[in-house]
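Let's take a walk through this protein together. Keep the sequence and the 3D view side by side as you read.

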Amino acid sequence: MSLFNNAENPSTLPPLAERMRPNTLTAFLGQQHLVAENRLLAKAILAGRLFSIILWGPPGCGKTTLAKIIASQVEAHFYELSAVSSGVKDVREAMAKAKANREMGKPSILFIDEIHRFNKAQQDALLQAVENGVITLIGATTENPSFEVISPLLSRCQVLKLNPHSKEDLADILENAISEDLFLSTQSIKFDKDGKDLLLESVSGDARRLLNALEISTSVATPDRDENEVITITEEHVREALQNKHQLYDKTGDYHYDAISAFIKSVRGSDPDASLYWLSVMLEGGEDPIFIARRLIILASEDVGNADPQALTLATSGLQAVHAIGMPEGAIVLSQVTTYLASTTKSNASYLALRAAQETVREEGAKSVPLHLRNAPTSLMKDQGHGKGYHYPHNYPGHFSDQNYFPDDLKNKQFYRPTTEGIEKRIYERLVTLWASRFEEPSGS
């Protein structure tokens, strides 16, 4: 009753996102691939069968809400920890309580928000309790659990992928809040089309951000209500509530992949200015700078390659520098690496060579190593001909001996076709004199 008593004074109420948190699956909007009738979560809850899960999805998609609904509907004790502020001691305390509950025949759920922030030791502390069924673990993460959760723990959990809310889901959540919230439902609230469209498009599928923006927009628009006491929320009100245009960016959604794709293609295409634009989009959207630095290392080998071998050294140093100094200064390092890689000469010849060699091995299998290339650490192996006939290149002019290093039926196979770009031109000129029978025209000429 206290909430209803305070309905006329919204400043005393919990935030709208918390007030509108559903407590049953039927009231939960979105993620129908998990919560609809006859889907995994719905069936598990109906059967009262708990299993440990990792909820993987972007901010505001309902991970915490689903964890609380599961605990409520199966009548389990619910313990909630944040990996940001909790440690092994907190985990052990929760597990001790769960063990006592189990002895009384009551299940326990341990919910760990941002579980990807737990280190290996903290995750290790969960293993035995999860394995023995002392606790049912529900972890929530915005990061790919394949990379952020240790394999032994991951193998004990079912990973459930949550998606950003669709525009239709967000519209339903918006209307539900206006009509059902104990405070907003007492107001006459409507949106003009531009205001509603802007709000739905600017929150990147994040229901929490949507509800927060709705609450602020309502406050902003209240002084402008018309003579009929209708609060009309316009595009201007929404922009004021959002303050600055929200990047349509989240670290796990489609825009994340589209932005990194545009970034890599701009660097590969030798456009440093476009590269810097997409770098800024990612950084302003909160992208992990280490992720960007790692992708630049890959690009340095895949797309610059031996045309400029210094590129790989610079990209690797960039990763180390970003790791050492952190943000925001790490952005300066990323800018230097990005502009260098975008501006320098390019060759993907070494990358294509690897793909060609791998394809040959996959199609034809691994062939026997010729005897003259085999190791001969024992007299028996020497007697069997291991190493016989091998020419040590440093004993020959130019430190080169024209001998076969392939299995016999692959002799003179060419995978690496160097270009004449940058430093790789020197590589081409040397190899074409050493292995003239393999080389025709240089790659990319």
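A word on the ground rules comes first. This is a predicted model, in which local features need pLDDT of at least 70, side-chain atom pairs count only at pLDDT 80 or more, and totals for chains, interfaces and linings use all residues. Residues are numbered from 1 along each chain as its sequence is written, and side-chain values use heavy atoms, with hydrogens and water left out.

Helices (H or I, at least four residues) and strands (E, at least two) are DSSP runs, numbered from the N terminus. Helix 4 covers residues 40–47, and Leu-41, Ala-42, Ala-44 and Ile-45 are buried there. Here buried means under 20% relative accessible area, exposed means over 50%, and partly exposed lies in between (1.4 Å probe, protein chains only). Looking down the axis of helix 4, you will find its buried residues within an arc of 165°, so they line one face of the helix. That arc is taken over the directions from the helix axis to the C-beta atoms. Leu-46 and Ala-47 are exposed on the other side of helix 4. The cover over the buried residues of helix 4 includes helix 3 (32–35), strand 1 (53–56), helix 5 (63–73) and strand 5 (158–161). Contact in this account means heavy atoms within 4.5 Å. After helix 4 comes Gly-48, with a positive phi near 65°.

That glycine leads us to the backbone. Most residues other than glycine have a negative phi, and most peptide bonds are trans. Which residues other than glycine have a positive phi? Gln-31 is one of them, with a phi of about 55°, and His-399 is another, with a phi near 55°. Gln-31 sits in the loop between helix 2 and helix 3 and is buried, at 5% relative accessibility. His-399, in the loop between helix 20 and helix 21, is exposed at 51%. For a cis peptide bond, turn to Met-327 and Pro-328, which are joined by one with omega about 10°. Pro-328 lies in the loop between helix 17 (310–325) and helix 18 (330–343).

Now for the charges. Side chains of opposite charge can pair when their charged atoms come close. A salt bridge is counted when a side-chain nitrogen of Lys or Arg is within 4 Å of a carboxyl oxygen of Asp or Glu, and the count comes to 15 salt bridges. One of them pairs Arg-19 with Glu-215, whose closest N and O atoms are 3.2 Å apart. This pair links distant parts of the chain, with Arg-19 in helix 2 (residues 16–19) and Glu-215 in helix 12 (residues 207–221), 196 residues apart. Arg-19 is buried at 17% relative accessible area, while Glu-215 is partly exposed at 22%.

A second salt bridge joins Arg-239 and Glu-235, with 3.0 Å between the closest N and O atoms. Why do these two belong together along the helix? Arg-239 and Glu-235 are 4 residues apart in helix 13 (residues 235–242), so about one helical turn separates them. Arg-239 is partly exposed at 39%, and Glu-235 is partly exposed at 28%. Glu-235 is also among the residues touched by Asp-192, together with Thr-232, Ile-233 and Thr-234, when residues up to four places away in sequence are not counted. Asp-192 itself lies in the loop between strand 6 (188–191) and helix 11 (193–202). A further salt bridge brings together Glu-364 and Lys-367 (3.6 Å, N to O). Glu-364 is partly exposed at 40%, as Lys-367 is at 29%. Salt bridges that share partners also join Arg-19, Asp-181 and Glu-215 into one network.

What about the cysteines? A disulfide is a covalent bond between the sulfur atoms of two cysteines. With a disulfide taken as a pair of cysteine sulfur atoms within 2.5 Å, the count comes to 0 disulfides. The sulfur of Cys-61 has its closest cysteine sulfur in Cys-157, 17 Å away, and this is too far for a bond. Cys-61 is buried, at 0% relative accessible area, and Cys-157 is buried too, at 12%.

We finish on the surface. Tyr-390, Tyr-392 and Tyr-405 form a nonpolar patch there, with about 310 Å² of accessible area together. Patches are made of residues with over 30% relative accessible area and no salt bridge, where like charges are joined within 9 Å and nonpolar side chains (Val, Leu, Ile, Met, Phe, Trp, Tyr) within 5 Å. Accessible areas come from the Shrake-Rupley method with a 1.4 Å probe, and for residues only the protein chains shown count as cover. Tyr-390 is partly exposed at 38% and is found in the loop between helix 20 (379–383) and helix 21 (424–434).
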